[in-house]
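Thanks for making time this morning. I would like to walk you through one model, starting with its sheet and ending with one of its helices.

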Amino acid sequence: MNLKWQELSIILSVFLLLTACTGGAQTASTGKDRKENGADTIHIGYQKFGTLNILKAENTLEGALEAIGVNVEWTEFPAGPQLLEAVNGGSIDFGHTGEAPPIFSQAAGAPIVYVGNGPPRPKSEAIVVQENSPIEHVHELKGKKVVLNRGSNVHYLLVKALEEAGLSINEDIETIYLPPAEARTAFERGDVDAWVIWDPFLQAAEDDIGARIIRDAEGLAANREFLLADRAFAEENPEIIDIVLEELEKVEQNIKTNIEETAQFLSPQVGIDEETLKKVLTRYEFGMDPIDEEVLEAQQSIANTFYNLGLIPEEVLIKEATLEEGE
């Protein structure tokens with residue numbers, strides 16, 4: 001049975017409160033308590049939609065890891081920044097985010113490493129306005145309120161879209177930072193003028209309330225999905241990481257050839273109707289690759305942009321967040 005957006009907002013708010021209250025206890029019971037010769041459990045963070053979400057729903061990773069005596073524990077997060085905060089806190093070993101969260105996380109000193117990435121998906125994130133809004137172009141956002149999830153992939157999209165339009169995120173708009181469910185509520189109420197958001201929330205907003213795209217990421221941002229891990233966990237458990245990546249690649253290839261079946265399967269898992277999910281998957285680019293120099297350079301460019309705008313407190317070197325750099 002699909003969740004209504006208001007219900008989802010309440011659930012996510014309660015979840016975040018519980019996370020804040022129990023984070024210390026989770027940290028104390030994980031991390032250093034693992035076996036000295038390798039972990040017996042991998043703690044995976046996932047978001048409402050993504051390859052990891054689908055892998056969890058299909059329940060195939062558990063069988064693959066059971067063969068080497070490893071269990072899987074899953075925790076859902078509303079967005080990438082919250083997920084990486086959990087990695088930094090020691091309660092999560094592995095997870096997925098967009099381009100920006102790892103940069104903010106690395107700038108905060110989190111012990112993360114990049115272990116894989118998906119292809120560019122620029123059509124899967126966008127700046128939207130209400131259907132009857134007079135705003136047609138990004139330059140018309142000057143002086144307006146724009147809501148987004150701070151530190152998410154869409155943060156970079158907004159920076160670049162404003163730059164393209166001759167505006168500055170620091171000077172020309174009022175940014176309001178909320179997680180997706182709360183942002184949608186604010187958007188629907190008319191408390192903000194625009195919302196910067198990603199799929200499946202983007203497609204759901206188009207279908208449910210007629211949200212209108214004024215700029216997607218095409219030509220501005222790659223919008224890659226990144227797979228990240230706690231450095232110590234990745235260094236100590238390469239076999240586990242390899243198995244997770246292998247199972248993710250299988251899921252990617254299966255979705256690519258079975259979009260309708262995947263949408264039907266996922267609908268009750270994520271609380272979004274099948275037709276919306278089919279649209280999301282149709283514009284989704286599939287694949288899973290190891291991190292290469294080109295991708296690292298693109299991430300470095302984003303990091304430099306954030307630093308120059310004062311969005312992160314210090315410069316970061318993306319290569320320091322790779323396994324090769326740590327060895």
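What follows is a short tour of a few elements, and please keep in mind throughout that this is a predicted model.

Let me begin with the sheet, which is open and built from five strands in the order β2-β1-β3-β10-β4, with mixed pairing. From one strand to the next, the twist averages 25°.

Within that sheet, β1, which covers residues 41-46, pairs with β3, residues 94-97, in the parallel sense and over two bridges. If you want a place to look on the screen, find Gly45, whose bridge partner in β3 is Gly95.

Finally, I turn to α6, a helix of twelve residues, 153-164, which reaches 17 Å from its first C-alpha to its last, close to the 16 Å expected at 1.5 Å a residue. Is α6 mostly covered or mostly open? It is mostly covered, since ten of its twelve residues are buried, among them Asn153, His155, Tyr156 and Lys160. After α6 comes Gly166, whose phi is positive, near 80°.

Definitions and conventions:
Residues are numbered from 1 along each chain as its sequence is written. This is a predicted model: local features need pLDDT of at least 70, side-chain atom pairs count only at pLDDT 80 or more; totals for chains, interfaces and linings use all residues. Side-chain values use heavy atoms; hydrogens and water are left out. Two strands pair if DSSP finds at least two bridges between them. Helices (H or I, at least four residues) and strands (E, at least two) are DSSP runs, numbered from the N terminus. Axes are lines fitted to C-alpha atoms, for helices over the stretch in contact, and angles run from 0 to 180 degrees between N-to-C directions. The expected span of a helix is 1.5 Å times one less than its number of residues. Buried means under 20% relative accessible area, exposed over 50%, partly exposed in between (1.4 Å probe, protein chains only).
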